[in-house]
Amino acid sequence: MSRTPLISGNWKMNLNHFEAIQTVQKLHYLIPKGAMDDVEVSIHPPFTDIRSVQTLIESEELDFALGAQHCHFEDSGAFTGEVSPAFLAKLNTKYVICGHSERREVFGESDEMVNAKVLAILKHGMTPIMCCGETLAEREADETESKVVGQIVAGLAGVSNEQIASLVIAYEPIWAIGTGKTATSEDAQTVCAAIRSKVAEIAGDDAANTVRIQYGGSVKGGNSPELMSQPDIDGALVGGASLDPDEFARIIQFNG
Ligand code: PGA
């Protein structure tokens, strides 16, 4: 079963809309023609940049998918400061990250909220990149799989098997995010395989064979080939290194 790898750049709260345009242009120039034939790349800028990046991608016909970092689960209403998934869909956003550990830990997003967002993103024809991952304390207590699998089960409640097949799940050990520490490729593979077998249990073998599972947490040009060579790792969710077009271009070209 071949799954097209998805490399996603999560810019977090970095780069204003002018910097965003320069960064995307530079990335485009750094990637030789044909180097993205077998890989998909999504860019997740801050909300204030999305319209500018959309215009650039569409007018120059760049081979990048537009992504968002977060959204609310309602279409509209009295939710000061929040962004509707309907508005993101109108901007031709393809992928929306939800349940990132920073949203869970800093902004108190619960498994139930993440589930509501997964359903809302799908309802608007976009693809969720649903994140899961354990803290260092959980890893040391040997609770990695139970934590991650619990997040998957909760996040996928009420999602149809066909929808699950279309999803992206990002396994991001929290202790590896922005720390320079990466899970070994064997450890990352073990957890991603456990996620896939849970998906098989929930939604059947077809969905499990099709769902894409990314690894995230200090992915760089140097470690991406080994991570990406693991059978159950189908891409990377990249934070810090995606801000540097040279480094991100290296990650995208993990194959060559
Ligand atoms: P990092 O972030 O690559 O800077 O570790 C990954 C993420 O949070 O998505």
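Predicted model: local features only at pLDDT ≥ 70, side-chain atom pairs only at ≥ 80, totals over all residues.
Residues are numbered from 1 along each chain as its sequence is written, and side-chain values use heavy atoms, with hydrogens and water left out.

Stop 1: A pocket here is found on a 1 Å grid over the protein atoms alone, as an open set of points where a 1.4 Å probe fits, with protein on both sides within 12 Å along at least five of seven lines; its lining residues have an atom within 4 Å of a point.

**Stop 2: the largest pocket.** Next, select K12, M13, Q69, H70 and R103, which lie nearest the centre of the largest pocket among its 16 lining residues. This pocket has a volume of about 430 Å³. Helix α4 (residues 101-107) gives the most to its lining, with three residues; helices (H or I, at least four residues) and strands (E, at least two) are DSSP runs numbered from the N terminus. The lining as a whole comprises seven nonpolar, five polar and four charged residues.

**Stop 3: the ligand.** Select the ligand and the 13 residues around it, of which K12, H100, E172, G178 and S218 come nearest; a residue is near if one of its heavy atoms lies within 4 Å. This shell consists of four nonpolar, seven polar and two charged residues. A backbone N or O atom of G178 is 2.7 Å from a ligand oxygen, a backbone N or O atom of G239 is 2.8 Å from one, and an N or O atom in the side chain of N10 is 3.4 Å from one. The protein covers 95% of the 280 Å² of accessible area that the ligand has on its own, as given by the Shrake-Rupley method with a 1.4 Å probe; for residues, only the protein chains shown count as cover.

Stop 4: Return to S218, in the loop between β7 (212-216) and α11 (224-228). Its phi is near 55°, a positive value in a residue other than glycine. Is S218 buried or exposed? S218 counts as buried because its relative accessible area is 11%, where buried means under 20%, exposed over 50% and partly exposed in between (1.4 Å probe, protein chains only). N223 is in the loop between β7 and α11, and its side chain reaches the backbone oxygen of S218 at 3.0 Å. The side chains of N223 and T182 are joined by a polar contact of 3.3 Å; such a contact is a pair of N or O atoms within 3.5 Å, and within protein one must be able to donate a hydrogen and the other to accept it, while residues adjacent in sequence count only if both atoms are side-chain atoms.

Stop 5: Select Q189 in helix α9 (residues 185-203). Q189 is buried because its relative accessibility is 13%, and its side chain makes a polar contact of 2.8 Å with the side chain of D232. Finally, select N92, in the loop between α3 (85-90) and β4 (95-98). N92 has a positive phi of about 60° although it is not a glycine, and at 47% relative accessibility N92 counts as partly exposed.

Note on methods:
Nonpolar A, V, L, I, M, F, W, Y, C, P; charged D, E, K, R; others polar. Points joined across faces, edges and corners; volume = space filled by probe spheres on them.
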